[in-house]
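These are my notebook entries on one structure.

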Amino acid sequence: MARRISAPYQSEPVSSLANWARNLAVFAVVAVVVSILIVRFGILEMKPALATFFGALGLAALSILIGLAGFAAIWQNGSRGMARIMLAFLIDAAVLGYPAYLAWQYRRLPPIHDITTDPIDPPRFEALAPLRTGDGTNTAVYAGLYSAEQQRHAYPDIEPVELEIPAERAYAIALQLVHKRKWLVIDERAPTPPRRVGRIEAVARTPIMGFREDVAIRVLPDGEDSRIDIRSSSRYFDSDLGSNAARIAKLIDDINTAADADALKPVKKAPPPKLPAKTVKK
């Protein structure tokens, strides 16, 4: 009985609109993957990668419109293709979901790209400065007091890290965390005499597109204690969508955790000095 009922439906043609909706959705996924590969591996310049990415978003949006039109056509003439339209909608949602979240972040967060724990005297980009002079890149010079005021309102928890450990140990902890994150270290200078200031410059990447964001870490002695200042700045775009503040906040938490664990380690006692052997006078 079921075979007889479904037979007329199986003989109906598949809606061309359903085919177009599915094919455009699949092509949008391919275009997104290609744009990510272009950025991560530096195959082309930034502009072609962004053009490919936004073109993929446009294809996903067009797929949704065609899918809605195909849904209406199937409702009217009884043709097949509803499964293909639903598949297209699922793919389109996956393609457009994260960009929609980023658009919401763009409207919610201030349009700044340079975050630091010390806006008055931020850590400088020295080794990284030549990498921030190309076309379309942000300058190595700090964004200024306007950016600092915007940062203070949006990210009030971004503050210097005060540690009750020597500067040498604080520098070692910071460098270990940088390597653990697999950031590309461009320069590292430990706070060894006569140099009192420790510096680390590294390049981080955003999770999906892999955009480069530069990080500078400064370690200063404060008597027997130490202070760490961090700066994270996007190399491209005027707004970082909160990525630099999130990076600094996570690094601050990890530094504090590592410093607390280091302070709890038992101090190894030095072995007692060996006494000279007694000589017996005969």
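Entry 1, helix α4. For its 27 residues the expectation is 39 Å, and the end C-alpha atoms lie 37 Å apart, which agrees. Helices here are DSSP runs (H or I, at least four residues), and strands are runs of E (at least two), numbered from the N terminus.

The model is predicted: local features need pLDDT of at least 70, side-chain atom pairs count only at pLDDT 80 or more, and totals for chains, interfaces and linings use all residues. Residues are numbered from 1 along each chain as its sequence is written, and side-chain values use heavy atoms, without hydrogens and water.

I located a kink of about 35° at Leu-96, shortly before Pro-99; the bend is the angle between axes fitted to the seven residues ending there and the seven starting there. Pro-99 is itself buried, as are Ile-85 and Val-95, among others in α4. Buried means under 20% relative accessible area, exposed over 50%, partly exposed in between (1.4 Å probe, protein chains only). The buried residues of α4 pack against α2 (16–41) and α3 (46–77), contact being heavy atoms within 4.5 Å.

I found Leu-128 in the loop between β1 (114–116) and α5 (145–154). Leu-128 counts as buried because its relative accessibility is 0%. Asp-214 is 86 residues away in sequence, yet 7.5 Å away C-alpha to C-alpha. Beyond neighbours within four places in sequence, the contacts of Leu-128 include Asp-214, Val-215 and Arg-235.

How values were computed
The expected span of a helix is 1.5 Å times one less than its number of residues.
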